[in-house]
Amino acid sequence: MSISTASTPPALAAVLRAARRVVVLTGAGVSAESGVPTFRDALGGLWARYDPLEIATPSAFARQPRLVWDWYAERRDALRLVEPNSGHRALVAIERRVGDFLLVTQNVDGLHARAGSRSMVELHGNLARVRCSLEDRIVDRWDAPPGDEPPRCPHCGAFLRPDVVWFEEGLPAEALARAEDAADRCDLMIVAGTSAEVLPAAALPLRAKRAGARVIEINPDATPLSAVADHVLRAPSGEALPSLVAAAWPDASEGGGAK
Ligand code: APR
């Protein structure tokens with residue numbers, strides 16, 4: 001168990017520069033500064049009365065498929081109005097500077113990909129994608145019919161669903177295996193914007209620690225990970241990540257810089 005120290009980006013610049021195999025684990029907090037409510041923030045307006053932990057489940061979809069479909073359609077539509085923030089772009093800069101890099105995200109908003117992240121695993125899926133609830137194949141086009149049913153798969157007629165991982169569901173096996181392998185091999189893990197409450201993602205920093213990696217937590221609030229991390233940056237990721245990149249590589253332009 002390490003005694004984590006509150007730190008600052010300049011103090012961690014050498015840690016990042018010296019790292020050869022970096023894994024970054026992100027959660028909803030890295031999208032907060034883009035205006036995307038964190039997972040445990042209630043969506044506003046008519047959705048405020050629904051608890052995401054009650055809607056994002058297979059049983060809710062079985063009971064009220066159109067309500068679950070519409071809740072995700074509302075979040076998908078809202079994503080068209082937001083942009084990646086400087087925290088997303090700073091992670092692209094790190095990816096382009098570090099030879100062996102993997103971004104492991106719990107987010108389903110697609111903002112890392114839009115910012116330019118390429119070496120990435122989406123542990124919980126992606127809201128922009130829709131799949132057949134029976135065959136699991138991705139469906140590119142659909143029309144939400146009037147009435148109380150979601151759109152149906154054009155191939156088999158089963159309901160379509162968002163391509164995200166619901167509570168009570170397992171994670172995509174290949175994505176999780178890739179994330180766990182990277183956690184076991186890395187020498188630095190940066191954990192940004194996650195409450196570190198949901199397994200198996202929340203176990204990745206512990207795997208990295210056990211494998212001898214340093215762990216940096218970036219979060220304005222304390223989490224169960226804070227006592228395990230070697231260093232803590234108590235700040236919003238949209239500030240801390242660009243500051244960390246600028247301190248480590250003063251010549252890096254925001255958003256990347258050549259490898
Ligand atoms: N910068 C960094 N962290 C932030 C910021 C910010 N600007 N704003 C909020 N946070 C932190 C919060 O303090 C909290 O610890 O981001 C975290 C968001 O936590 P959650 O809302 O629980 O989101 P997340 O950790 O991604 O949830 C994990 O659980 O609910 C399931 O599948 C869902 O992917 C989700 C997973």
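Guide: What follows is a close look at one helix pair and the core around it.

This is a predicted model, where local features need pLDDT of at least 70, side-chain atom pairs count only at pLDDT 80 or more, and totals for chains, interfaces and linings use all residues. Residues are numbered from 1 along each chain as its sequence is written, and side-chain values use heavy atoms, with hydrogens and water left out.

Start with helix H6 (residues 86-97) and helix H10 (residues 237-248). Helices (H or I, at least four residues) and strands (E, at least two) are DSSP runs, numbered from the N terminus. The axes of H6 and H10 come within 7 Å and cross at roughly 30°. Those axes are lines fitted to C-alpha atoms, for helices over the stretch in contact, with angles from 0 to 180 degrees between N-to-C directions. H6 is therefore roughly parallel to H10, a label for angles under 35 degrees. Their crossing is left-handed: the near helix is turned anticlockwise from the far one by less than a right angle.

Now the residues. Ser86, Gly87, Ala90, Leu91, Ala93 and Ile94 in H6 meet Ser237, Gly238, Leu241, Pro242 and Val245 in H10. Contact means heavy atoms within 4.5 Å. Seven of the contact residues are nonpolar, four are polar and none is charged. Ala, Val, Leu, Ile, Met, Phe, Trp, Tyr, Cys and Pro count as nonpolar, Asp, Glu, Lys and Arg as charged, and the others, Gly among them, as polar.

Next, the largest nonpolar core. It has 29 residues, and Leu16, Ile94, Leu188, Ile190, Ile216 and Ile218 touch the most other members. Such a core is a set of buried Ala, Val, Leu, Ile, Met, Phe, Trp, Tyr and Cys residues joined through side-chain atoms within 4.5 Å. Buried means under 20% relative accessible area, exposed over 50%, partly exposed in between (1.4 Å probe, protein chains only). Helix H1 (9-18), strand E2 (21-26), H6, strand E3 (100-105), strand E8 (188-192), strand E9 (214-218) and H10 each supply at least two residues of this core. H10 gives the largest share, five residues.

Take isoleucine 216. Leaving aside neighbours within four places in sequence, isoleucine 216 is in contact with Leu12, Val15, Leu188, Met189, Ile190, Val191, His231 and Leu233.

Finally, serine 117. Serine 117 lies in the loop between helix H7 (111-115) and strand E4 (120-122). At 2% relative accessibility, serine 117 counts as buried. Not counting residues up to four places away in sequence, serine 117 touches Val92, Glu95, Leu103 and His112.

Key:
Angles under 35 degrees count as roughly parallel, over 145 as roughly antiparallel, 65 to 115 as roughly perpendicular and the rest as oblique.
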